[in-house]
Every structure is written in C-alpha cells, then in structure tokens.
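This report looks at how side chains pack and pair in one protein model.

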Amino acid sequence: MDFYGHVIDGEEVPSADGAEFDSIDPYRREPWARVALGSAADVDRAVRAARRAFDEGPWPRMGLAERGAVLHRLAGLLERNAEEMGLSDTRDMGKPITQSRDNDVFRAAANLRFFADHARLSTAETLPMDSGHHAYTRFEPAGVVAAIAPWNYPLMLATWKVAPALAWGNTVVLKPAEDSPVSATKLARLALEAGMPPGVLNVVHGRGPDSAGQALTEHPGIDRITFTGASSTGRVIARAAAANLVPVSLELGGKGANVVFADADLANAVEWSIKAVYTNTGQVCLAGSRIYVQRPIYEEFLARFVAAAEAMVIGDPCDAATQIGPLASEQHYRKVRGYVETVESAGGKILTGGLGDGWTVRPTVVVDMPQTAPHCTEEIFGPLVVISPFDTEQEAVELANNTRYGLNAMVFTENLHRAHRVSARLRAGTVWVNCFFIRDLRAPFGGVGDSGVGREGGSFSREFFTEPKAVIIDVKRD
C-alpha cells in the first residue's frame, strides 16, 4: 500500500512518533492506503511552519496577481490529474467515480480559479469625509488559518476553504477527515509543484478529539478556524475558538426541506428531487431529505419518484455506471442502518429501498412518517427520504421551518409570485427554486440554527479571511 504523510514546510513527512493508520476502501471493506497519524506535536510543527511562512515568507507580500497565478497553476494541475484525484476520493469514501472525477475535481479547480480572480478584482471602499480627511479600507491577510474539511466532499470542500484563505495571503494548516485523507496530501504535493512556497499550505492527518483536530483548534498560533462537519463537532470547535478569541466559520448539518407545489413541472421536480437526496449516496449536508408534496399531485409524484429511485444503479463506485455506492465507513453505515431498521417502529412505511450488500443502503423512500419521528428531525446523511403531503402554502412553510437546522431548502412551482413569497419565508441560508445545488461562488453560503455560524463565498470569504483595516489620512489644506 502507498503511504501518505503530512505535508509540513514543503516536505512530506511521517508523524513525529511514527504513528500510522489505514484508510479503508468502503466498497471492498479493506485497507487501501497507509496514512500518517498526527498528534499535537505534528500540529505544532505545521502551525509553526505556517507562522514562519506568514511572518517571513513571500506569500503574504506577493501581489494579488502573482498569488493568483500560482492558484491558477494549481487548478490546472488538478484538472490534468483528474483521474487520480477523483479515484483517491472514490477509494477513500465510496463516492461514485463519475461524481468524484467528473464533478468534484473540476469544482475544486473552479474554487481555486474563482478566488484567485475574486481577490485580484475586488475593490475596497473610499469614504469621503466632510472634515477633509481621506478614509479608505484595506483588507489584509488574517494570518494562519486552520481548515478542517469533511469526508463527504474531501477535495472539493478542502479547496472551498483553502482557496480564499490563500488568495487573500494567509497560510493554511489543513486537516482532512480521517476517513478521506489521501486527496489532501495529493493537493499539497500539487501546490508545491505549482510553485507555492514551503509552509504556505500544510496538511496534518489525524482524528478529532485527543488528536490532531483538537490540537489544531486549540493551538494559540491559529488566527482563523473554518470547519465543515457535524453540528456536535461544531459546538466543540466553537468553544475552543472562543477560548482563544479566534473568529470561526462553521458550516454544519442540515435537514433540507423540498416543497413541491401542485403547479410544479412534475418531471423537473422529480429529477431534481432524486438528485437532491441520492447524490453521493445521500451523504450531503444539503440533501433534500424531507419532501413535502401538495396533495393534488402527491400520488403521481410518489409513483414517479419511486420508479426513478428503483432505476438507480448500485455497485462498485469505481464503475462509471454506478450511481449509488457504499456509505463512507462501517461506523456511518451502522448509523444509517439504524434509521432504516426503525422506520416501522417509528410509524412509517418503506415503499422501496432498504439495506443492500456490504455497507450499502439502497435508495429508500419512506411515507406516513410522523413529523416528530427522528427520521424527520435528525440528519441521517444517507439515501433515505421521507415524503409527506400538504394542503396549503402556509402549512408547507410551517412544515419546512419545523427544524432546528437551516442550511437550505427547495421550492418547485411555476408561480413566480409564490416562488418569491415562499423563498422569503423559509428559514434557510440558501433556497433553490426549480433546481438544486446550482452555485454562484459570489453568493453567501452557510446556514442558521444548528446548520452553523457565518457565511463564506465571494466578499463574505474576504471578510472572514482578512482583517479589514480603516486608514484615515489628514489631507493638508491650503
């Protein structure tokens, strides 16, 4: 098996104590790579390297165009190595190769290109003052950024954090999830090949509590923390950040509501609703796992949705024909299996789906479920959807908002007035109308409630990854 080390100060290195762990291929349920298992000592090495690179190195002092050119070269290297990078995430966490290779790698490259250009093209404020003074704003890099990426979109969401941090002149210590570590090491290798100076992008592998994750979030040398993952972990990280008064951005869980009105384009609604809940085998924080369908079209929607779910191809994620792969780990499979096995005892009924071979759960459709059941209130993070009818617009909004999460929602309607009206009333960071997962990287991304704190994207990322500074100059007058 190949070995993947930490990348610290421009070198790929083992752990200080020599510790390692296996990365498990969830389809074959066997190790496929060996990875350095980091400790507080490795984190400290990485943070110190990032601090030196920030305080003494060229990266924060480069022009925006020069830094952007490096990020564009890195994006090009990702695209040229799409097969290898995509396969890394597929072997690590079971994502179908057509999603990891054909989508995620190019989304990662797009993140790098966008933030490279956004930083270069952004404008600052000048503020006329009646006193005759001249005031303007500078956006200066914050320092050393701790970026903690999740296992469901390992490469793509790592670059979502790394790209804006680097574009604005920060240095980074990236900790990928222990279930999907390989693409992070490969990203750091390519960054060095692209010309990124040593210490600018560091990678430390490891677990969370009492391991690299905890050491990173508690390290006094960190200036920003950006995290995507579970809400429970986000609370722990927020407490660690508060102890050091470090700004934190948390993109956490979701329980997205998908509201389908009777006047919707039914074929379009079914197609997008299938993608919204079964993409990446349901392991998406944005998954539309609660579908509310207006009663006049409820039965027809159900029939079409079930047929589409049953037509999905389940199998080896390395096979281009596969649409549903295994869940990312044995631990996660056991969690999702628990929801599948308790559908009937919770009052619901499975129309199709259920448990498959190995760590696979087939696309599962549940109806007649009480809205208070865990299946309707908790983030399952698997290919299980609960579909329920509603009668009025008011009822639909109340059902959709009846959650402690607030990351995203969907609305399907051909009525423009309703689209605007309902979107305004939904308590969510993003609302998609007649589509799903369409992004403009200038727009804010984040959630409310248990879905997180803060927003990233475009100028929102600039605000987080920089220290905005006001400069006021006394203009000499004749």
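## Nonpolar core

Of the 93 residues in the largest nonpolar core, those that touch the most other members are L174, M196, Y278, F301, F305 and I387; such a core is a set of buried Ala, Val, Leu, Ile, Met, Phe, Trp, Tyr and Cys residues joined through side-chain atoms within 4.5 Å, where buried means under 20% relative accessible area, exposed over 50% and partly exposed in between, with a 1.4 Å probe and protein chains only. Helix α5 (residues 154-167) supplies the largest share of this core, ten residues, helices being DSSP runs of H or I, at least four residues, numbered from the N terminus.

The model is predicted, so local features need pLDDT of at least 70 and side-chain atom pairs count only at pLDDT 80 or more, while totals for chains, interfaces and linings use all residues. Residues are numbered from 1 along each chain as its sequence is written, and side-chain values use heavy atoms, with hydrogens and water left out.

## Salt bridges

The count comes to 32 salt bridges, each a side-chain nitrogen of Lys or Arg within 4 Å of a carboxyl oxygen of Asp or Glu. R418 and E393 meet in one of them at 3.3 Å, N to O; because R418 lies in helix α14 and E393 in helix α13, the pair ties together parts that are 25 residues apart in sequence. R418 is buried at 17% relative accessibility, and E393 is buried at 15%.

The side chains of R295 and D391 also form a salt bridge (2.9 Å, N to O), although R295 is partly exposed at 44% and D391 is partly exposed at 39%.

Definitions and conventions
Helix = DSSP H or I, 4+ residues; strand = E, 2+ residues; numbered from the N terminus.
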